[in-house]
Amino acid sequence: MPPRTNAKKAKAEANAEDKANAEVQAEADDTKPSFDVDESVAAAVLSRVPDIRDRLALGCVSSVWKNAVTSEGAWGTCDLVLDSELGKRLTDERFGRLLHYCVEVKHLEVCDAPAAEFEGNFLFDEGIAAKFASLESFKLTNCPDVDCARVVDFMNAIGMTARPKDKRLRYLHLAGCDVESLHEGVSPMVSLHDCLAADQDDIFHLEQGKKSVPSVIRVQNKANFDLWWSVCELIVPTSEVKICNSCTSAFCGSCAEQQGSFCDGCGEFMCFECEERSDDLFEVSCHGCGERFCQECLLLSQKINICRGGPCSDKEGTDKRCFKAYCEPCQKKKNVTFGMCFECFGVWCLDCAYDKDGPCLNTCFGQGGCYESMCQPCYEKTNQFYAFCFGCNEGWCPKCNPGVDFYSDPDSSGTLLCPTCAGA
Ligand SMILES: [Zn+2]
Ligand SMILES: [Zn+2]
Ligand SMILES: [Zn+2]
Ligand SMILES: [Zn+2]
Ligand SMILES: [Zn+2]
Ligand SMILES: [Zn+2]
Ligand SMILES: [Zn+2]
Ligand SMILES: [Zn+2]
């Protein structure tokens, strides 16, 4: 235990310090810049605060700010974006109040509003058409008590379809809301489609008319409307829909299982009708495991390879290919390797590649090589020279050639050697 006197001293020092701190604090309070502004300044500042959370936080600063934040139309033209965190606390009454602060809403976004608390009743308030006169996107997602048929009524009330087509909604998201009432015939869905500036499946048709996206799955999330009218007349959200890679018809999960097939590599779907008509999408199945792969998995991601030859294959002397196909894991299991010509993109299994009638692939496999190969016809056509060292038996493409050259040796007139073997 420290001597008493020391403890006393320490306490006295601590008290003095507290007192000094208190004085500094008092001084600071006197000179502290005031955040109390009048309401017109507050309103001007407010017009530059885009985030709802920040606006509501400002309302807690002082009564002037509260008045500025919460008076009718104080928010001017704005985006009403309530993310999951705010959405979870939303009630119809609260939403009505938020709407009251806005003059015009350009983007409306609410997600995860609780059932029984939020039905979207505000959509039928008086004067609603003016508030939504410049509405560009409407996203109510995962709000289970919002009836989508009432969204149709709302769009009619604000005159969405009376606008010129290109001035209509850029996005309409309703997944996770109550879609039951949309099933009454086709017309509610047609009405919702009419609210859009672009067609829902435009994302698949970058070139007019013809489907031009190789992978439908990769782009379907970008559709402007996130509900799909399936061939079995159900309304299916983007997260569950299966869209045919060829005809872009939408299928529910169970119909897709029965009426089409999936690529085992990427999950891409094609309906049987299209599969019969087209000869390409799922033609490649692995000879090892039987899994089937789409063209994208074959050509772009190379999850499967097939000994299909190349454009040169129909020329004399190179017509060697066996159409053997193996997926990546089976290639490893069966120890099958494929080689590709980087000029014509022909692909051969190694048996065919080095068959006497094969394309005789030249490969850059020497030390520091790039492993690119070229078939003999392309080799001749492009006037390439693949260097080969007779010392180390390694070869290189023109880009990687370390400087293979003729070197005379004591026994013969000369031989091709790389600088290492030549001791140069
Ligand atoms: Zn189809
Ligand atoms: Zn179905
Ligand atoms: Zn695929
Ligand atoms: Zn396989
Ligand atoms: Zn082959
Ligand atoms: Zn080639
Ligand atoms: Zn190379
Ligand atoms: Zn060498």
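An open sheet of four strands runs in the order β1-β2-β3-β4, with parallel pairing. Strands are DSSP runs of E of at least two residues, helices are runs of H or I of at least four, and both are numbered from the N terminus. Two strands count as paired if DSSP finds at least two bridges between them. The edges are formed by β1 (76-82) and β4 (171-173); each has a single partner strand, so one side of each is left without a neighbour in the sheet. On average, neighbouring strands of this sheet are turned by 20° against each other, direction ignored. Such angles run from 0 to 180 degrees between N-to-C directions, with axes fitted as lines to C-alpha atoms, for helices over the stretch in contact.

The model is predicted: local features need pLDDT of at least 70, side-chain atom pairs count only at pLDDT 80 or more, and totals for chains, interfaces and linings use all residues. Residues are numbered from 1 along each chain as its sequence is written, while chains are lettered from A and ligands numbered from 1 in the order in which they are written.

Within the sheet, β1 pairs with β2 (residues 102-111) in the parallel sense over seven bridges. Gly76 stands opposite Cys102 of β2.

Helix α6 spans residues 92-101, and its buried residues are Phe95, Leu98 and Tyr101. These three cover an arc of only 110° around the axis, which puts them on the same side of α6. The arc is taken over the directions from the helix axis to the C-beta atoms. A residue is buried if 20 or more other C-beta atoms lie within 10 Å of its own, exposed if 12 or fewer, and partly exposed in between, with C-beta atoms placed from the backbone. Glu93, Gly96 and Arg97 are exposed on the other side of α6. The cover over the buried residues of α6 includes β1 and β2.

Helix α8 (residues 148-157) buries Cys148, Val151, Val152, Phe154 and Met155. Their arc around the axis is only 160°, which puts them on the same side of α8. Among the elements covering them is α9 (187-194). Gly159 follows α8 and has a positive phi, near 70°.

Overall, the protein chain holds 17 helices and 22 strands. Of its 424 residues, 32% are buried. Contacts are pairs of residues whose C-beta atoms, placed from the backbone, lie within 7 Å. Among contacts between residues at least 6 apart in sequence, 62% join residues at least 24 apart.

Technical notes:
Contact = placed C-beta atoms within 7 Å.
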